[in-house]
Amino acid sequence: MQTTKISRAIAASPSAVWRVLTDAQTLQTGEFGILRIEGTIATGEKIKLWSEVSPDRAFTLKVTETEPPFAMVWTGGMPLGLFTGKRTFRLEEDNGGTRFTMQETFTGLLAGLITKSMPDLNPSFQKFAEALASHSQADQS
């Protein structure tokens with residue numbers, strides 16, 4: 001199992017952060033490391049996402065959980081659980097703002113093999129968190 005995680009304070013309410021986090025148009029501005037999103041970000045919906053990390057590949061993900069404005073999970077991978085990626089977004093009230101946490105965990109029989117060929121996700125997680133903070137703070141004003 002491989003996990004990448006980032007956590008940061010955002011000077012905006014969880015509701016303001018949630019609005020940005022669930023707005024596909026905003027997420028694909030390029031500032032978040034996402035090049036394109038097709039679909040609606042809502043529980044049970046499938047989305048297709050292209051990222052800077054792998055621009056020629058579309059990732060098909062399912063929004064498996066939402067608890068507005070505090071949590072959301074995107075899940076994708078291979079059939080039979082051979083390889084599964086689970087990205088969890090958490091928003092917690094924190095001193096008048098929000099503590100944002102994003103974590104991606106890869107599991108399955110092929111996880112060890114596949115994750116060895118993947119790039120380091122820390123820079124893209126940092127970029128996503130910075131853009132989320134910037135857009136959320138602007139949305140709050």
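A: Start with a charge over a ring: Arg36 lies over the face of Trp50, 3.7 Å from the ring centre. A charge counts as over a ring if NZ of Lys or CZ of Arg is within 6 Å of the ring centre and within 35 degrees of the ring normal.

Q: What's the basis for the model and the values?
A: This is a predicted model: local features need pLDDT of at least 70, side-chain atom pairs count only at pLDDT 80 or more, and totals for chains, interfaces and linings use all residues. Residues are numbered from 1 along each chain as its sequence is written, and side-chain values use heavy atoms, with hydrogens and water left out.

Q: How many aromatic pairs in the whole structure?
A: Five. Rings of Phe, Tyr and Trp (its six-membered ring) pair if their centres lie within 6.5 Å; planes under 30 degrees apart count as stacked, over 60 as edge-to-face, the rest as tilted.

Q: Why is the pair Phe83 and Phe106 stacked?
A: Their planes are at 10 degrees, so the pair is stacked, with centres 5.4 Å apart.

Q: Where do the two sit?
A: Phe83 is in the loop between strand 5 (71-77) and strand 6 (84-94), and Phe106 is in strand 7 (residues 97-107), 23 residues apart. Strands are DSSP runs (E, at least two residues), as are helices (H or I, at least four), numbered from the N terminus.

Q: Is Phe83 buried or exposed?
A: Buried, at 11% relative accessible area. Buried means under 20%, exposed over 50%, partly exposed in between (1.4 Å probe, protein chains only). Phe106 is buried too, at 6%.

Q: What about Phe100 and Phe128?
A: That pair is stacked: 6.3 Å centre to centre, 25 degrees between planes. Phe100 is in strand 7 and Phe128 in helix 4 (residues 122-140), 28 residues apart. Both are buried.

Q: Which residues form one aromatic cluster?
A: Phe32, Trp74, Phe89, Phe100 and Phe128.
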